[in-house]
Amino acid sequence: MILPPDICLFSSFKNFPFRGLSYTKLLLLMDNNTQNYCYPLLQPYLPIHQKVVVPAGESHKTIDTCMYIWQKMMAYGLDRLSLLINLGGGVLCDMGGFCASSYLRGIAYIHMPTTLIAQVDASIGGKTGINFGGYKNQIGAFYTAQKVWIAPIFLKTLPHNILYSGFFEMIKHALIADEKYFNQLIHTPLQEACLSIAYITRSIQIKHVIVCKDFRESHERKMLNFGHTVGHALESYFLAKKKKITHGEAIAVGMICEAYIAYRKEILTYEVLHVVVKNIYIYIFHIKISLEEIDVLIQYMQQDKKRKKKVIYFPLIRGIGKGVIHRAVNQTLIASSLMYYRNIVS
Ligand SMILES: NC(=O)c1ccc[n+]([C@@H]2O[C@H](COP(=O)([O-])OP(=O)(O)OC[C@H]3O[C@@H](n4cnc5c(N)ncnc54)[C@H](O)[C@@H]3O)[C@@H](O)[C@H]2O)c1
Ligand SMILES: [Zn+2]
């Protein structure tokens with residue numbers, strides 16, 4: 001399978017082509033986990049560099065952490081020709097990319113994604129950002145990485161729930177664009193699917209092709225937000241309540257709700273809804289939503305970037321491998337979809 005030249009998969013750390021890079025100073029951004037698990041593997045092959053280490057996790061994807069990173073960039077004297085490398089999961093891809101986009105009006109950066117979600121999704125397509133005011137990715141910029149260097153070998157140290165979180169983005173790619181891929185994914189044991197180079201590559205391709213058609217998310221790229229209107233609300237709410245949920249789990253719940261919405265809007269058959277639900281539900285039935293929480297989640301969605309006036313526009317699916325965008329959905333139907341989810345997991 002062919003990938004564009006700026007996105008490369010590597011089977012060994014020693015193959016990373018650091019020698020071909022040109023920059024004045026090199027800064028490596030890590031979190032405390034990637035410093036422990038990934039940096040020691042990479043260090044022997046790295047050219048001279050400075051380091052900045054931030055605390056791990058979604059709760060640190062904030063302006064305060066960015067200020068710390070910008071301060072380090074200044075302290076190390078990074079100039080316009082300096083290079084930032086983001087060694088981490090989706091949080092560091094988003095936040096490191098954003099810091100690079102804004103420091104001196106933009107310096108070059110490379111993603112070295114270390115979680116599955118980052119390898120198949122967050123590192124591709126130049127969406128950067130941080131959470132703000134209690135909402136996901138409220139501040140950010142479209143700013144593309146100079147290179148994305150992917151070493152699936154990094155995935156070996158991931159806790160299972162973090163690894164599987166990426167699986168749901170792969171399911172999303174398949175649901176919006178490739179029925180054959182969906183069937184392959186659901187018929188492969190979970191762990192094996194997550195570590196499959198062929199599947200990682202296929203997901204990157206799907207995302208890359210969509211991003212190339214619509215970088216600024218005016219049309220087709222919105223499809224990649226399937227599952228994310230409900231999913232982001234759930235993720236923001238759980239984050240505020242300090243309840244544990246991965247990004248992938250949140251969008252998995254979102255995909256079930258949004259597939260139900262597509263069914264109720266008569267663009268998805270009941271049979272296909274059943275296939276989607278059956279294959280996602282088995283991994284997330286432990287995530288419960290109370291009746292009171294349904295109202296709160298709808299309030300979160302009102303703030304969603306896809307909202308126009310009082311209607312929320314959703315990207316949906318009209319079959320497996322067939323995404324559609326811009327479907328107006330009212331609050332009653334959103335509430336019904338959350339009720340539907342509540343019923344299937346209770
Ligand atoms: N920009 C995009 O297009 C896009 C797409 C999808 C997701 N995202 C964002 O990505 C984030 C979720 O990504 P994530 O799940 O990777 O989060 P994350 O970066 O917080 O990583 C999850 C956890 O795994 C740890 N970790 C990372 N690599 C490791 C390794 N190799 N071994 C052991 N531990 C490791 C991290 O320290 C962290 O504790 C969300 O903020 C989401 O909004 C962005
Ligand atoms: Zn996502």
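Helices here are DSSP runs of at least four residues, numbered from the N terminus. The model is predicted.

Q: In which helix is Phe 168 found?
A: The helix in question covers residues 160–177. Phe 168 is found in helix H6.

Q: Is Phe 168 buried or exposed?
A: A residue counts as buried if 20 or more other C-beta atoms lie within 10 Å of its own. Phe 168 has 27 other C-beta atoms within 10 Å, so Phe 168 is buried.

Q: How far apart in space are Phe 168 and Ile 251, C-alpha to C-alpha?
A: Leaving out residues up to four places away in sequence, Phe 168 touches Gly 248, Ile 251 and Ala 252. In sequence, Phe 168 and Ile 251 are 83 residues apart. In space, their C-alpha atoms are separated by 7.2 Å.

Q: At roughly what angle do the axes of H6 and H11 cross?
A: The contact uses residues of H6 including Phe 167, Phe 168 and Leu 175, and residues of H11 including Gly 248, Ile 251 and Met 255. The crossing is left-handed. The two axes come within 7 Å, and they cross at roughly 35 degrees.

Q: How is H11 oriented relative to H12?
A: H12 spans residues 270–284, and its axis lies 10 Å from that of H11. The two helices pack at an angle of about 165 degrees. Angles over 145 count as roughly antiparallel. That makes H11, relative to H12, roughly antiparallel.

Q: What is the handedness of the crossing where H11 passes H12?
A: Residues of H11 that meet H12 include Ala 252, Ile 256, Ala 259 and Tyr 263. Among their partners in H12 are Leu 273, Val 277, Ile 280 and Ile 284. The crossing is left-handed.

Q: Which residues does Ala 259 contact, leaving aside its neighbours within four places in sequence?
A: Ala 259 is among the H11 residues that meet H12. With those sequence neighbours set aside, the contacts of Ala 259 are Leu 268, Leu 273, Val 276, Val 277 and Ile 317.

Q: How are H11 and H14 oriented to each other?
A: H14 covers residues 331–345, and its axis runs 9 Å from that of H11. Val 253, Cys 257 and Arg 264 are among the H11 residues in the contact, with Leu 333, Ser 337 and Tyr 341 among those of H14. H11 passes H14 in a right-handed crossing. The packing angle is about 120 degrees, and H11 and H14 are therefore oblique.

Technical notes. Residues are numbered from 1 along each chain as its sequence is written. Chains are lettered from A and ligands numbered from 1 in the order in which they are written. This is a predicted model: local features need pLDDT of at least 70, side-chain atom pairs count only at pLDDT 80 or more; totals for chains, interfaces and linings use all residues. Two residues are in contact if their C-beta atoms, placed from the backbone, lie within 7 Å. Axes are lines fitted to C-alpha atoms, for helices over the stretch in contact, and angles run from 0 to 180 degrees between N-to-C directions. Angles under 35 degrees count as roughly parallel, over 145 as roughly antiparallel, 65 to 115 as roughly perpendicular and the rest as oblique. A crossing is left-handed if the near helix is turned anticlockwise from the far one by less than a right angle, and right-handed if clockwise. A residue is buried if 20 or more other C-beta atoms lie within 10 Å of its own, exposed if 12 or fewer, and partly exposed in between; C-beta atoms are placed from the backbone.
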